[in-house]
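Reader: I have a model open and would like to learn how to read it, feature by feature. Where do we begin?

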Amino acid sequence: MPDSVCFMEINVQGTVRGVGFRPFVYNLAREFDITGTVSNNGQGVVIEAQGVRTSIEAFVRDLRTNAPPLARITSLRDNCSRTKGIFKEFSILASSSGQESCALIPADIAICGNCLDDILAPGNRRYSYSFTNCTNCGPRFTIVQFTPYDRAATSMKHFHLCEDCQAEYNDPQDRRFHAQPNGCPACGPELSFHDGEGQYLETASPLAELASSLRMGQVAAVRGLGGFYLVVDAESEEAVSRLRNRKGRKSKPLTVMTKNLQEAMRVSYVSTMAAE
Ligand SMILES: [Zn+2]
Ligand SMILES: [Zn+2]
C-alpha cells in the first residue's frame with residue numbers, strides 16, 4: 001500500500017537550534033502536504049509527521065540533504081507506525097524546557113550577505129544598525145545563559161521586541177523567524193560613547209567617535225553583547241605599546257582585526273587553508 005497514510009516521529013540531534021531549523025521543517029512539511037508538529041526539546045528537535053508514505057519518505061530525504069547551512073544533523077532516528085490521524089495542519093510548537101540540555105549551541109556567526117544589505121541600504125529600517133542579525137548570522141554562544149536556546153535564555157531578554165521585529169520573529173517564512181537576538185534601532189541595544197572616566201558623551205555617531213579616538217592613538221574598550229574587548233590602531237607602534245604596558249603583556253601576540261581577507265593578506269602571511 002504505497003499511498004497509505006502513515007505517521008512518523010523523527011528525532012533530530014545536533015546543532016539544530018538557532019539556525020532556522022524549525023522553519024525549514026515547517027516549510028518542507030507544507031511542500032509535501034505533511035501535517036503534524038515540530039518542536040525543540042532538551043536533546044534537539046522532534047518532528048511528528050503525518051502524510052502519505054511516499055511524501056513522508058521524500059520529506060525525510062530532504063531533511064537529511066537540504067537542511068539549512070548552519071544545521072549539523074548528527075543523527076536522525078525515525079519510526080514509521082500506523083497513522084494516528086490527529087493532525088489537521090503542520091505547526092511549530094513552543095519549546096519545552098526542564099529536560100536534559102545536551103542540544104548543541106551554535107557558535108557566533110559573522111554577518112551574512114542579506115543583513116549586510118540591510119545595514120547598507122538607506123531607507124531600510126536597519127540602515128547602519130550595528131546589532132543587525134538573522135537566523136543565518138549573529139551572536140549565539142556569546143549571549144546564551146542556559147538552554148534550551150530561546151530569547152528568554154539569552155542576554156537579549158532585556159530588550160522587548162517592537163511590533164515589526166515581533167512580526168518577523170513569528171513568521172516562519174521570514175529569515176528572522178525565531179532569531180533570538182533579533183532587534184532594530186527601535187527596540188534593540190544601541191551604541192553609546194563614554195570617556196576614560198566612564199562619563200557618557202553625547203555624540204552624533206559613537207562609531208565615528210571611536211574611530212577618531214583610535215586614530216589619535218587611544219585605547220578603547222568596546223562592549224558587545226557578551227563582554228569587552230580592548231582595541232587600538234594596530235598600525236600605530238605607540239598605541240600598541242601603550243596597550244601592552246597597561247595590560248602587562250610585553251610580547252604575547254595580540255589579535256589583529258581586518259576588514260576582509262585582502263586586508264589580512266596585506267598585513268600578514270595567510271596560507272590557503274587558513275584563507276578557507
Ligand atoms: Zn543575517
Ligand atoms: Zn524592533
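Author: We begin with a pair of strands. Strand β1 (residues 5-15) and strand β3 pair in the antiparallel sense over nine bridges. Strands here are DSSP runs of E with at least two residues, helices are runs of H or I with at least four, and both are numbered from the N terminus. Two strands pair if DSSP finds at least two bridges between them. The model is predicted: local features need pLDDT of at least 70, side-chain atom pairs count only at pLDDT 80 or more, and totals for chains, interfaces and linings use all residues. Residues are numbered from 1 along each chain as its sequence is written, chains are lettered from A and ligands numbered from 1 in the order in which they are written, and side-chain values use heavy atoms, with hydrogens and water left out.

Reader: Which residue in β3 is the bridge partner of Met 8?

Author: Ala 49 is the partner of Met 8. Strand β2 (residues 35-41) also runs antiparallel to β3, joined to it by seven bridges. There, Val 38 has Ile 47 of β3 as its bridge partner.

Reader: Is strand β3 mostly covered or exposed?

Author: Start with the cut-offs: buried means under 20% relative accessible area, exposed over 50%, and partly exposed in between, with a 1.4 Å probe and protein chains only. Strand β3 (residues 44-52) is mostly covered, with seven of its nine residues buried.

Reader: How many salt bridges does the structure hold?

Author: A salt bridge is a side-chain nitrogen of Lys or Arg within 4 Å of a carboxyl oxygen of Asp or Glu. The structure holds eight. In one of them, the side chains of Arg 175 and Asp 118 meet at 3.0 Å, N to O. Arg 175 lies in the loop between α4 (163-170) and β6 (193-194), and Asp 118 in helix α3 (residues 113-120), so this pair ties together parts that are 57 residues apart in sequence. Arg 175 is partly exposed at 24% relative accessibility, while Asp 118 is buried at 11%. Asp 118, Arg 175 and Arg 176 are linked in a network of salt bridges.

Reader: What about Glu 168, and which residue does it form a salt bridge with?

Author: Glu 168 forms a salt bridge with Arg 126, and the closest N and O atoms are 2.8 Å apart. Glu 168 is in helix α4 and Arg 126 in the loop between α3 and α4, so the pair ties together parts 42 residues apart in sequence. Glu 168 counts as buried at 12% relative accessibility, and Arg 126 is buried at 2%.

Reader: Where do Glu 238 and Arg 242 lie?

Author: Both are in helix α6 (residues 237-247), four residues apart, about one turn of the helix. Glu 238 is exposed at 56% relative accessibility, and Arg 242 is partly exposed at 28%.

Reader: Now the metals. Which residues coordinate the zinc ion (ligand 1)?

Author: Donors are N, O and S atoms within 2.8 Å of the metal (3.2 Å for Na, K and Ca); water is not among the atoms, so sites may look incomplete. The zinc ion (ligand 1) is coordinated at 2.3 Å by the SG atoms of Cys 112, Cys 115, Cys 134 and Cys 137. Cys 134 is buried, with a relative accessible area of 0%, and Cys 137 is buried, also with 0%.

Reader: What are the angles around the zinc ion (ligand 1)?

Author: Ideal angles are 109.5 degrees for four tetrahedral donors. In practice, four donors count as tetrahedral if all angles lie between 85 and 135 degrees. The four donor atoms around the zinc ion (ligand 1) subtend 102 to 121°, which makes the arrangement tetrahedral. In sequence its donor residues are spaced C-x2-C-x18-C-x2-C.

Reader: And which residues coordinate the zinc ion (ligand 2)?

Author: Cys 162, Cys 165, Cys 184 and Cys 187 do, through SG atoms at 2.3 Å. The angles there are 105 to 115°, which makes the arrangement around the zinc ion (ligand 2) tetrahedral. The donor residues of this ion are spaced C-x2-C-x18-C-x2-C. Both Cys 184 and Cys 187 are buried.

Methods
Tetrahedral: all angles 85-135°; square planar, octahedral: opposite > 155°, others 65-115°.
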